[in-house]
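Have the viewer open as you read.

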Amino acid sequence: MTTQTSKKVLIDASRIMTEALVQSGADVFVGYPITPSNLFYSYSKERFPEFLAGPDEISVLQWMAGYAAAGKIPVTATSFPGLALMTETLNMAFMMELPMVLVLVQRLGPSTGSATTGAQGDLKFLEGVISGGFSLPIFSPSNFNDAWTLSNEAVKTAVKFRTPVILLTSKEMVMTQKSFDINSLESIKKVDRKPKAFEPPYQPYKVGEDKVPTFYPLGNDKYQVRFNSSTHAEDGLIHKGSPESMRNTIRLREKLIERVDEFSFYELDADEGAKDLIVSWGITADAARDAVANLRASGKKIAVLIAKTILPVPQVIYDIIDSYDMVTFVEENLTGQYKQLLVGKRISSKYKMVNKFGSMIRPSEIEAAVN
Amino acid sequence: MEAEKILIKKKMPFCPGCGHIINTRSITKALEDLGYGTKDVAMVSDIGCSGLVDPLFASHTIHGLHGRSPALGAGVALGLNNRKKKVIVIQGDGGATIGLQHILEASRRNIDMTLVIYNNLLFGMTGGQVSGLSTNHFKDYKQSADNAEPYDIVRLSHQAGAAFSIRVNKMKSFNNVLKEAIATPGFSLVEMTSLCTSYSMKKMSEFQYFTVDEEKLVNDRPIGHTRIRRTKSLFNNLEGLNTQFSSNYKNKIGVVIAGSAGGGVQSAAKMLAQAGMLAGLHVSMKGEYPITVGTGFSVAEVILSKEPINYTGLEKPSAVLIVTEDGWKKVKDRITPDSKVYLDEKIGVDDGYTSKAFIKNAGKKGAALSAVSYWIKESDVFPIEVLEKVVENHKYATSLKSAIASGASL
């Protein structure tokens, strides 16, 4: 939809993301209302070809798994309390290798916390959400353009890698309205669901070099399909502890880790000769961008890295961090969850942190930390 | 043409004499009798002894979590949306207890699928513990101290709207009952008695002493579907707000508007933001109000800027417009020495702030817009005509214009 003429509108990222998900080929939204994800629910009710109001978050994700197994691309949006209920089924969908997209709108915890206050506090939970050391692809939009492109990438990645994908965002990102030229957005193509070639005979979890099995839905007339949540081998049946089934399970990590370059998104804006790097993600990225502009105006050489593929961590993120003398991590949680993900909990003279709990981090707070 | 065999293994992974053997055979026999081919059936299995069935079937299979298989099966059935394909869910009485909500939901929606509950009155895989479907008589036998009455899953699913709900205890009836259930359009539930030779009796004749009487209940209802629609882009109906006017402002200004629920605070803020866009400015807007949206304060923030806006926080508002006491209490601490404050006269605070009769002149619903209008005129951020332009095609254009005029005339 890129055109020469602009169309400026007052819009929020929930609308942008919902539209992008549908244009990317998502078929059905299964929702259970929870603040601050409710705009997704109301936009999806209007826009998705199919919409279902689930009775609870466990049902929501189970229905989605059923839809995905039947060949559809399902989507939901929730916040931490909902995610907590979805966790067992998220593991199931990951194990069955079912494509789906979850939008997680972070709000202030713990527990029910403050439903209408934003946060970036769920990353640590997501890092370990799949039992055993597996990573789900997690993308975090840092502005409206990301909201559009990463929603598209989420659907593409979910289908290409047969996995649930999480779009990790927060209240201020998806509920704040801004002026925006919607005609500046790149056009989106619907994902291709045509089953990829495979070496016969078909087995539901048999893979080639790309380590992703060819998808056929339940009910198809060609091949018997078996999906399985328990430890299984290529045939989709339980083989407890067999080398084949263990290899199949470990493959679930490898297929994503080894090919992370195919879905590595980030933004690096660096002055030549800069020794200081600011690292941020999600809602805090815009404060970091403003801080960088202000620091530059005062004559400082500076670099800013906005991470968009949060998990699995692309190697390039480590490489960038390693190439600066001083790195300041900026995020809206108590302990620096992204910082911990990258460089651990240990305090080091190379790392600074700007953290806040219960309100947005200001550009001035980042500038003060860097200077 | 001979029907395809859905049961591919005669040797089953169950204890000798286990009721699950005959139950499983009865299901596949019923499907074969009804003429279903292997690719027409999706078997959904749960956790527990009944969850070991997948390798027995030549059909499609999906093996999920404890108790959740009726929800998983519901998703499959809705996703397939095809009367020629049959979704069969198999779970035990433990699964039916933990996943009771899913059974009620599938019943309520009358989703086209069949749930078969292998009820052996206990958790066989974990040592014979009692479930929500264990009868009190059986619990006494198991010396369970918990004697709460069991769920009647047949009546519950019927009450929730299932097309067909039945409890069957006699093995010789299994095949016919299953055929009737599977052939019923909509949601059918079959609770089948199943003997656990490890943790209950060795003989069915003794075990049946503990079971609930057979019962069959039907609801004549259409199959529950979702509607699949063609929809239009969420961008289609958005109002284009390309620049039509110019603004006198060079910098970034933040405006806080505060009032009470139902007082038009959020819509006044939106109109200010829209006007800012028409005047060629970048804008951001966010609202804050209690979870119970119909009462208490309502606060909105609008940032207007010549440059694109990244960070949307507003620590030092240039202007604070307050039209009610609720609004005053909520935002009074956000006022800085540099903030220009405009209050409704009724608030009665005298700190050298500008006090105007917004409510008196424009009414409770128009006061916030009236205050915005007054501020635009005072600050000269852009001509008042821009705000008038915003409301021009609004369905309440007349009253909005009058609120704008009242503010501008103060």
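Two residues count as in contact when they have heavy atoms within 4.5 Å of each other. Keep in mind throughout that this is a predicted model.

## Domains in the two chains

Start with chain A, which splits into domain 1 (8–184) and domain 2 (266–370). By the contact rule, 30 residues of domain 1 of chain A touch 25 residues of domain 2 of chain A. The centres of these two domains of chain A, taken over C-alpha atoms, are 25 Å apart.

Chain B also comes with a two-part division: domain 1 covers 19–218 and domain 2 covers 252–409. Here the C-alpha centres of domain 1 of chain B and domain 2 of chain B sit 61 Å from each other.

## The build of chain B

How many helices and strands does chain B have? The count is 13 helices and 15 strands. Its radius of gyration is 34 Å, well over the 22 Å that the globule rule gives for 410 residues, so chain B is more spread out than a compact globule. Along the principal axes, the C-alpha trace of chain B spans about 90 × 55 × 35 Å.

Of the 410 residues in chain B, 57% are buried. Take the contacts in chain B with a separation of 6 or more: 67% of them are between residues 24 or more positions apart.

## Surface and charge of chain B

Chain B has an accessible surface of about 17700 Å², and carbon and sulfur atoms own 50% of that. As for charge, chain B carries 49 positive and 39 negative side chains, with the centres of the two sets 5 Å apart.

Most residues other than glycine have a negative phi, and most peptide bonds are trans. Now for some exceptions. In chain A, the bond from Gly109(A) to Pro110(A) is cis, with omega near -5°; Pro110(A) lies in the loop between strand E5 (100–108) and strand E6 (114–118). Leu311(A) and Pro312(A) are also joined by a cis peptide bond, with omega about -15°, and Pro312(A) is in the loop between strand E14 (309–311) and helix H10 (315–322) of chain A.

Then there's positive phi. Arg162(A) has phi near 50° and belongs to the loop between helix H6 (144–160) and strand E8 (164–170) of chain A. Is Arg162(A) buried or exposed? Its relative accessibility is 2%, so Arg162(A) counts as buried. Over in chain B, Asn110(B) has phi near 50° too. Asn110(B) is in the loop between helix H4 (100–109) and strand E4 (113–119) of chain B, and at 0% relative accessibility it counts as buried.

Conventions. Residues are numbered from 1 along each chain as its sequence is written. Chains are lettered from A and ligands numbered from 1 in the order in which they are written. This is a predicted model: local features need pLDDT of at least 70, side-chain atom pairs count only at pLDDT 80 or more; totals for chains, interfaces and linings use all residues. Side-chain values use heavy atoms; hydrogens and water are left out. Helices (H or I, at least four residues) and strands (E, at least two) are DSSP runs, numbered from the N terminus. The radius of gyration is taken over C-alpha atoms; the globule rule is 2.2 Å times the number of residues to the power 0.38. Buried means under 20% relative accessible area, exposed over 50%, partly exposed in between (1.4 Å probe, protein chains only). Accessible areas come from the Shrake-Rupley method with a 1.4 Å probe; for residues, only the protein chains shown count as cover. Lys and Arg count as positive and Asp and Glu as negative; His and the chain ends are not counted. The place of a charge is taken as NZ of Lys, CZ of Arg, CG of Asp or CD of Glu. Domain bounds come from an automatic or database domain assignment.
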